[in-house]
Amino acid sequence: MPILNILVVVSLAYVALLFLVAFMADRAALRGQGKWLRAPIVYTLSLSIYCTAWTFYGAVGFAARSGLEFITIYLGPTLVMVGWWWGLRKMVRVGRSQRITSIADLISSRFGKSNTLAVIVTLIAVIGTTPYIALQLQSVTLSVEAFAETGPDELGGMNRQAIALWLSLGLALFTILFGTRNFDANERHHGVVMAIALEAVVKLFALLAVGVFVVWGLAGGVPATLARIDASEIARWNVPGSRWIGLTALSAAAFLCLPRMFQVMVVENEDEGHLRTAAWAFPAYLMLMSLFVLPIAVVGLELLPAGTNPDLFVLSLPLAQDRDGLAILAFLGGFSSATSMVIVAAIALSTMVSNHIVMPIWLKMTGGAAIMSGDVRQVALLARRLSIAGVVLLGYLYFQISGGGTALAKIGLVSFAGVAQFLPALLGGLFWRGATRMGAMAGLIIGTLVWLYCLFLPSFGAGAFLPAGVMEHGPFGIGWLRPQALFGAEHMDPLVHAVMWSISLNMLGFVLVSLLSFPRPLERLQAAQFVDVYQHSPATGGWTGGMAQTEDLLIMAQRIMGGAQAQGFFASFAARQGIGGYLPEPTPDFLQALERELSGSVGAAAAHAMVGQIVGGATVSVEDLMAVADEAAQIMEYSSKLEAKSAELTRTARQLRTANEKLTQLSLQKDAFLSQVSHELRTPMTSIRAFSEILRDAEGLQPGETAKYASVIHDEALRLTRLLDDLLDLSVLESGQVSLNTQTGRLTDLLDRAEAAAGGSGGEMTILRSREDEAVDLSTDLDRLAQVFINLIANARKYCDADHPRLRIEARRSGDVLQVDFIDNGSGIPTDKQAVIFEKFSRVGDPKVSGAGLGLAICQEIMARLGGSVSYLPGQSGAAFRVNLPVSHRLAAQ
Amino acid sequence: MSRRTKPVFVGKETYRRRRLIDAARLLPLLAVALMALPLLWSGGDNAAGLTTNVMIYLFGLWAVLLICVAGISYYLKSDAEPSEDGDGVDGRR
């Protein structure tokens, strides 16, 4: 069986295994099983996507060309991991507490959730990553070709384009299958991570196997290998210092900034504690990966015919020695490196592209209607899947257009330099509160332009994109603008030159513009959240989206708006969405309404921040929000309580004042009454005594005189009796011992009776009545009611001081209440007296008029017994009294 | 920010932990210096300027770094973080 066929079969079996592992891991995670999925070692292994095919194959080529310099690519990440307490820890903490989905998301979130910034970062990432994906495709096709070269024309119809195409399709399929299982981009892709961890083991094992074979199988042991290195053309250690330091710094920066690294390091991070393991385990992995690079390179240079591509030594050495099994293993290692890189890069880029470019455009195009009706989740998922396909396709196209030439080999470091432009904004955002959005934008744009001009475009060779004239003499002949000798920096390594200028100018722009610009409120809020992340967030936490979000919103709203009101608001919205219960879908419409509702309680800015923080990612924990809400609610409650209390106090004070006035007046009245009553009692008593003495002592009285004196005594005794009767009547009424004698009658008759009893229409007084209005049937104690009417008419007769006294009696129905007004045309009762006229013993007006001041008090008591009232009606032409009497239902129905 | 005065002296465990954090912070700086060290050897014809020597030195350094980081990380357990960021600010409520 030809080796190529075996290779295809083994590769397919390997791919099937990867699918299976990813599938099983996803299923285990779904069932909540598989603690091993969350082991720190899995996290560490997933970081190994840093070692792509470019490092797997290319490191040896790198070493064959320039010796130990290749190791800088591994030293940079090692430094980052060793210094995890500085940077990575904070990045991971921020990523978790802010529910960051990508590096574009991180930078945009930090700088006030600016989408413009996210778009810029996304574009740079795509520009920087696409050639890198092409590089992976190239490495696989090259390695297949290496196998094909061993046999005569075995490649058959399969050319490198076809291989690259099939590989791209397979990778896109795998990524879409396992990379977009869940909607939440912040959730872990257990399947993908497990597959990557497996691939990490395979590539390490493959490289170690080749290394062991080379050192002990070909070179003859460690000392012999060292001797061969000393004898080789790379024996001398003469790495330029600028390159050594520059490349180490560049790879460290890229390690932090590469979208795919950010994906596995921050987004897929399960537990911050995993960093403690990765801090030593990942450098160990890198050390093992680079351990045999130099021996393989040296032995390859020695044994293989000149002209062999040193980038493929890992593969061609075993092949040349007819170790087909080892060669296939090495192929699988390279294959693993390539595929895992493409998969994660595609996930990371697709998240960025769909979240920051496709979705905003789609939402803008479809307008608000789409948010209301369409299923945004499905659209987002579709966008992410299409983006994955798009990213892989871009890589493929780049591969095809560039023709897979050697220009690609250099692209690894070029790509590193591109994504390293994120570093100032990233670190500045994490550690400097003064960094602003404008600054970040300025730095990114300047850095990227310099990178494009000095490194990316020239990397295609003079004349490809930049004319040779520009390369040599600068644009328009301006020498100090030459792409590879900017500002006169000649004789520098082009890569170090470009990195130095792009990062320096990037930083300069970033810092200067940050210092000069003023951040928006949201930026400042986010700045505090990011820079002081340890003060703001616990190590673990975060909550899932969907309904839980709405519930959080409800909890918060209840604390601000009050339970019943919040529940009512939520329930009505849920009903409007056609959902039962209290939890509506958190649609933008609902959120906007809720925000508005909340802003009534806590102000618009706070409401925006609160809703935004619950919905748009967890900038602070729910507990923090609740504390804020509680405080606000408490303060509001307290102040409203205070307000109520002070209003109550004012009211009480007013009442007290009124009561005091009343008491004072009553006391005065009582004094007056006492003198009045003693006068009233004494006058008849004096008469009675005088006349009874006359009757007793005087002799020879005329019979007429005797009768006259006796009748005077009789009249006075009657007056006394009446006074005492009134007092008795009142005390009976007040004590509630009166029994009512309910009868049915007509108001007209009753008023007629009262008018007659009070002295008729005769005398000076005219009584005006409207008999039609009075045709009302009553069912009450008619005698008592008549007593009230008599009293009121008699009062008018007694007190009306007009020249032509007139009393108007008006009756009307107002709802269930019968109103009878008695209005005379006198001068009325002064306001200060109105309060006391219903009091006992109160006497208002002409003191000459007889009366004990008990009439109105009795009227009031009677009306209270009958279920009605009598009150003084101010604002009429004279004294006016209104009698209110409820009309019983039975009668009202007639 | 609370104006509570911080204690001038801390318990022995907290003190150890803070020094460990110091170590974790200083280690990368030391690593940078040590990684740049071979640059001094290039040039001349002396034995130190051989690739193999630098290689052995670098892998040795790598191994020592690993052990140091592993040790520091092991004792820097994330439980009970009394002095977040090392400056003793009690940020948690």
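Mentor: A:Trp54 sits in helix α3 of chain A, which covers residues 53-56. The model is a predicted one. Is A:Trp54 buried or exposed? Its relative accessibility is 12%, and buried means under 20%, so A:Trp54 counts as buried.

Now the chain as a whole. Of its 894 residues, 52% count as buried, and A:Trp54 is one of the buried residues. Chain A has 37 helices and seven strands. Taking the contacts in chain A with a separation of 6 or more, 77% are between residues 24 or more positions apart.

Next, a pair of helices. Helix α21 of chain A (residues 422-431) packs with helix α24 of chain A (residues 494-516); their axes are 9 Å apart and the angle is about 40°. The two helices, α21(A) and α24(A), are therefore oblique to each other, and their crossing is right-handed. Which residues of α21(A) and α24(A) meet? On the α21(A) side they are A:Pro424, A:Ala425, A:Gly428 and A:Gly429, and on the α24(A) side A:Asn506, A:Met507 and A:Phe510. Sorted by class, this contact of α21(A) with α24(A) has four nonpolar residues, three polar ones and no charged ones.

The strands come next. In a sheet, strands pair through backbone hydrogen bonds, either parallel or antiparallel. In chain A, five strands form an open sheet with mixed pairing, in the order β2-β4-β5-β7-β6. Its edge strands are β2 (766-769) and β6 (869-872) of chain A, each of which pairs on one side only. From one strand to the next, the twist averages 20°.

Within this sheet, strand β5 of chain A (residues 817-824) and strand β7 of chain A (residues 880-886) run antiparallel and are joined by seven bridges. Here A:Phe822 stands opposite A:Phe881 of β7(A). A helix also packs on the sheet: helix α33 of chain A (residues 747-757) touches β2, β4 (806-814) and β5 of chain A. The direction of α33 makes about 175° with that of β2(A).

Conventions. Residues numbered from 1 in each chain as written. Chains lettered and ligands numbered in written order. Predicted model: local features only at pLDDT ≥ 70, side-chain atom pairs only at ≥ 80, totals over all residues. Heavy atoms only, no water. Axes fitted to C-alpha atoms, helices over the stretch in contact; angles between N-to-C directions. Helix = DSSP H or I, 4+ residues; strand = E, 2+ residues; numbered from the N terminus. Parallel < 35°, antiparallel > 145°, perpendicular 65-115°, else oblique. Left-handed = near helix turned anticlockwise from the far one by under 90°. Contact = heavy atoms within 4.5 Å. Nonpolar A, V, L, I, M, F, W, Y, C, P; charged D, E, K, R; others polar. Pairing = 2+ DSSP bridges. Buried < 20%, exposed > 50% of the residue type's maximum accessible area, 1.4 Å probe, protein only.
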